[in-house]
Amino acid sequence: MKLSHIFSHIIPVLILLFLNVSHCFSATSQDIIEQQRVSKRDSILNIITGAKISDNVINITKLGAKGDGKTDCKPAFDKAMKQAVKKGGAHIIVPEGVYLVKGPITFVNNVCLELSENATIQFSPEPSCYLPVVNTSWEGTFIYNYSPFIYGYGLHDVSIIGKGTINGDASSTFATWRSKQNEAKEKSREMNHSEVAVADRVFGDDCWLRPQLIQFYDCKNITLEDFFVTNSPFWCVHLLKSENIICRGLRYDAKLVNNDGIDPEYSSNILIEDIEFNNGDDNVAIKCGRDNDGWATAIPSENIIIRNCRFKGLHAVVLGSEMSAGVQNVFVEDCTYGGYCKRGIFIKTNPDRGGFIRNLYVNNCEFDEVEDLFYVTSMYAGEGLDNNHFTTVEGLYVNGLRCNKATSGGLILQGTTEKPITNVVFNNVEIGEVPNAISFDNTSDVQMTNCHLGGKAGVPTQVTNRDNLFR
């Protein structure tokens, strides 16, 4: 048989084999990503336990607290914490009533604070109650500042549970401070960039930097479950340099200035589930330090699972912009909306930050109307244009993301020429209405499968008047 005749038979077979292999690779690549996602997620879930709860029960009313909304109950909470130290832990019960607290509740090891249904801890709005200053952080910079209203530092096994309410009552004081904070904010950032010792970064009185409502700093084994949050002075729940955390069943009506729902920062192994968000800012904002502080700390925020939540507020899930130590292994799955969100998934960094964002998995999440559904920018706020701390953004996997309407943008990726956004997969993305469906700049290796942006095309129409073809 002639060689040309052999090739004429073999080549079509090789082409068919190549097409079959390519099809198999395309079909199985999604399966591989899904297998990796489930395996990573489940391995993380297996090590998240939250806090142990002490058997030493203390009723706060036995220590002088009164739920009349008038009596200052801080001395009773201070006594309870001292008893917890002596006993090696305590389960503090707050019965029904309104408990005024003029100052911070400062946790010790192995304490569970249980808020009974119809129990409210109502903090004083008077700023002087939250002095002296404590070791804390403000927008990604380590400082000494007003104490968070509930504060724990260097602890293990701490929890807040129960159907009651934590009311920051901050509308008349702290919520009015934003217009006054710029001088201290810029000073804190200068200290960060100049690497001033943290002990010398003292703010507090007349500096107008608002404290967080709840902050656990350098803690491990934390459970926050079921309680209602309102009127926070700043971020609601700040999880700073902490690990092994469960946030479950929380409820929010926190619409004062910068009332983020949950802010993990330098923190890991976190489960956030069944949360009803209604916040005046980001629902979940994953952070990891600003600029020099982040690079020096070098502890990534990682292994964070967000599932079965209902989003309402500014942005649903944010990574950044304070993320200089890096963010990785974030899972957002089976979430929906309780109301309007400006953006669904928002990743933001700039050339001031450096660090990395990688391995974000978004699965089966839906929104009603948003401004932008999925927005990634490496040039956030136009900052850092003269710097070269470019962020690595890679490994963004979306499978099942929907909204009825996006008034501005659908899928937006804004990388830099120095570090393009890479390895991005969009699968099963559905947007009903959108004026700017896709906007990709400085990207590589972006794949899209089964995506319908602005509606799904149906059967093509037939020509009804041939004369129209020649007009």
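Which residue in β26 does Val 332 stand opposite? Val 362. Some notes from my look through this one follow; bear in mind that the model is predicted.

1. Start with strand β26, residues 356-377. The strand is mostly covered, with 16 of its 22 residues buried. On one count of its neighbours, strand β24 (residues 327-333) runs parallel to β26, and six bridges join the two. The Val 332 and Val 362 pairing mentioned above is a handy place to look.

2. β26 has other parallel partners to check. Strand β25 (residues 336-348) pairs with β26 in the parallel sense over five bridges, and Ile 345 has Phe 374 in β26 as its bridge partner. With strand β27 (residues 392-414), β26 pairs over 17 bridges, again in the parallel sense. There, Thr 377 sits opposite Gln 414 in β27.

3. Lys 342 and Glu 371 form a salt bridge, with the closest N and O atoms 2.7 Å apart. This pair links distant parts of the chain, since Lys 342 is in strand β25 and Glu 371 in strand β26, 29 residues apart. Both ends count as partly exposed: Lys 342 has 25% relative accessibility, and Glu 371 has a relative accessible area of 21%.

4. Salt bridges in general: a search of the whole structure turns up 19. Inside it, the side chains of Asp 42 and Arg 41 meet at 3.0 Å, N to O. Asp 42 counts as partly exposed at 30% relative accessibility, whereas Arg 41, at 15%, counts as buried, because the cut-off for buried is under 20%.

5. Another salt bridge to inspect is Glu 276 with Arg 310, where the closest N and O atoms are 2.9 Å apart. Glu 276 lies in the loop between β20 (268-273) and β21 (284-286) and Arg 310 in strand β23, so the pair ties together parts that are 34 residues apart in sequence. Glu 276 is partly exposed at 33% relative accessibility, and Arg 310 is partly exposed at 36%.

6. Finally, the largest pocket, with a volume of about 500 Å³. It is lined by 26 residues, and the closest to its centre are Glu 139, Arg 178, Asn 258, Lys 348 and Tyr 380. By type, the lining divides into 14 charged, six polar and six nonpolar residues.

Technical notes. Residues are numbered from 1 along each chain as its sequence is written. This is a predicted model: local features need pLDDT of at least 70, side-chain atom pairs count only at pLDDT 80 or more; totals for chains, interfaces and linings use all residues. Side-chain values use heavy atoms; hydrogens and water are left out. On a 1 Å grid over the protein atoms alone, a cavity is a set of points where a 1.4 Å probe fits but cannot get out, and a pocket is an open set with protein on both sides within 12 Å along at least five of seven lines; lining residues have an atom within 4 Å of a point. Grid points are joined across faces, edges and corners, and a volume is the space filled by probe spheres set on the points. Ala, Val, Leu, Ile, Met, Phe, Trp, Tyr, Cys and Pro count as nonpolar, Asp, Glu, Lys and Arg as charged, and the others, Gly among them, as polar. Buried means under 20% relative accessible area, exposed over 50%, partly exposed in between (1.4 Å probe, protein chains only). Helices (H or I, at least four residues) and strands (E, at least two) are DSSP runs, numbered from the N terminus. Two strands pair if DSSP finds at least two bridges between them. A salt bridge is a side-chain nitrogen of Lys or Arg within 4 Å of a carboxyl oxygen of Asp or Glu.
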